[in-house]
Amino acid sequence: SIDCGSSESYSDDYSIGWVGDDLYIQHGESVELQSSKPIYQPMATLRVFTDRKKNCYNIDSEKGSKVLVRAYFFYGNYDGKSSPPKFDLHFDGNHWITVETSADQLVSYEAIYVTKTDTISVCVAQTFPNMFPFISAIEVRDLDSKMYGYSDSNRALMLRRRVAYGTEVIVRSTDDFYDRIWVPAVKGDDFTVLTSDETFIEVSLDDSPPRALFQNAFATDNTSTSIQLGTNLPTTKVPVYVNIYYSEASVLDSTQKRSLQLLVDGKINSKPFIPVYGTAGEITLYNLTANSDTTFSLAASPDSTLPPLINALEVFTVSDELTDGTNSDDVEGLASLQDEFNVLKDWGGDPCLPSPYSWDWINCTSGSTPRVTALYLGSFGLSGFLPDFSSMTSLEIIDLHNNSLIGSIPEFLGTLPNLKQMNLAGNDLSGTIPSSISKNKKLKLTVTENPNLCVSGKSCKTASVDTSGSGGSSSSGGRKKSKLPVILGTTIPIFVLVWVIGGVCAVLHHKRKSEAIAAGNVGQAGGANKPSGNPQAAQMQMAANNMAQNVVNDFIMNVHEQQSAPEPVYNDDQQNHLEEGN
């Protein structure tokens, strides 16, 4: 039981535990009603929504479970305008009803159905200008799978009326394990209230009505008067589901017999059935269409000596077939985005359904199981890394510009088969653009204003350049080039050159000195045919000359290569599909 607009936890007069809605929604405005009259505590606050197409509460459940969901609306002139609004109510992507609130009366709606996912969503959606939707309370109850067993599991039962005949107080949680609300029926002049002599009624029905219902009953005064059942059905014909509960109130003698028949529009619709003393009985009517003009009545069968009686009644309309919801692959991808970015977590309910009430930042296809085709999350305050939403294979447009996204561009974005446009401008993405994206000629890509993003794996030019394919050059806002390689590239060769020149001079000096000594020796010996100089010194001289010459040659070659190395350029084929951001 969720008290919308409240942050308190408490128990009410029925010993029902209520919690505030803080854990279920953060959007909308909490309002506390001001009234001089006492207000049932769960109705003393509400939450109103002035923006978004729809606003939803998500409640954990178990897939395939049968649940009862109630929504309450108490206007209480909270806005001082004395103008109760109208708006739509949804559940699990299905249209429920158009809510028509009252100035001073509580309005509530109830649905029973089998869940198709592990989350129950209750949503309100604005449908009229200046009429802002609100909600006062939500209740969810798990039911036994056997209950309401003649209903189609792919359709919901929408409550129209649930009454207890002969009681004077509301029967609910303290008596009904499933907390159905049984309202006392108004007694007419033609009815007599019967009270059972049996203090313990045996109830073994699959629908598990509470025993308290069978302590009292309405009966007509004679066998010729039938019980007309009020149904509260709409004016248009709709499929209906009706449960009638009964039990004999007294021990009958051998001359007494109470036998009943159900009539629809005056025609017998059932075999005669006999209430049993001390035991609950039930008759269910389904596979029938009816409206407010259709009459339902209980009459005494021809052989009955006692008038008809009734203990309780439930009337439902049957919904259209329930949707399976947005494609599960897209739901999975959107959940990944919501898990990563807190700002998205407050979007609940089915992303696409019911049409046209999709989330404001997506586009969807039509159909019973729609696909998500676009993400419009520009300037959404997203901060962090992009998660994996590769399951969203129908995406055609991804707009994530002007956020605070970091990290590299995920490779999976290039594998989305239908992607046509992607705007990643104005973030702090880094690294290189994956080849699966850069080589996709069908993709219109915008990546400007990502100062640490390299638009080409070869050039590593940053995304501050014009990426429209017009051959733009780096702007002053681009990544600064390091001058360290230039300094090292000039300092080291100069040092080597000085070392080489010094070595060459030393060798030449040694050569001249050797030649002078050799000439002196020749003159002293006076013989031209003798070997001149020292053979070992000559070999050392030749080796030194060769080493010096090689070092000089290598140095000249390296300098030449550094000077003639070409500047890296863009690959025009890769840039043709990139587009400048607006």
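Predicted model: local features only at pLDDT ≥ 70, side-chain atom pairs only at ≥ 80, totals over all residues.

**Exercise 1.** Find how many disulfides the whole structure has, and which cysteines form them.

*Solution.* A cysteine pair counts when its sulfur atoms are within 2.5 Å. Cys56 and Cys123 pass, with sulfur atoms 2.1 Å apart. Cys352 and Cys364 pass as well, at 2.0 Å. The search of the whole structure finds two disulfides.

**Exercise 2.** Decide the handedness of each disulfide, and say whether its cysteines are buried or exposed.

*Solution.* Begin with Cys56 and Cys123: the torsion about their S-S bond is about 110 degrees, so this disulfide is right-handed. Cys56 sits in strand S6 and Cys123 in strand S11, so the bond ties together parts 67 residues apart in sequence. Both Cys56 and Cys123 are buried.

Now turn to Cys352 and Cys364: here the torsion is about -75 degrees, so the disulfide is left-handed. Next, use the cut-off: buried means under 20% relative accessible area. Cys352 has 4%, so Cys352 is buried. Cys364 has 26%, so Cys364 is partly exposed.

**Exercise 3.** Describe the largest cavity: its volume, its lining and the strand that gives the most to that lining.

*Solution.* First, the volume is about 50 Å³. Second, the lining residues include Lys66, Tyr148 and Asp152. Third, sort the lining by type: five nonpolar, two polar and three charged residues. Finally, strand S10 (residues 107-114) gives the most, with three residues.

Methods: Residues numbered from 1 in each chain as written. Heavy atoms only, no water. 1 Å grid on protein atoms, 1.4 Å probe; cavity = no way out; pocket = protein on both sides within 12 Å on 5 of 7 lines; lining within 4 Å. Points joined across faces, edges and corners; volume = space filled by probe spheres on them. Helix = DSSP H or I, 4+ residues; strand = E, 2+ residues; numbered from the N terminus. Nonpolar A, V, L, I, M, F, W, Y, C, P; charged D, E, K, R; others polar. Buried < 20%, exposed > 50% of the residue type's maximum accessible area, 1.4 Å probe, protein only.
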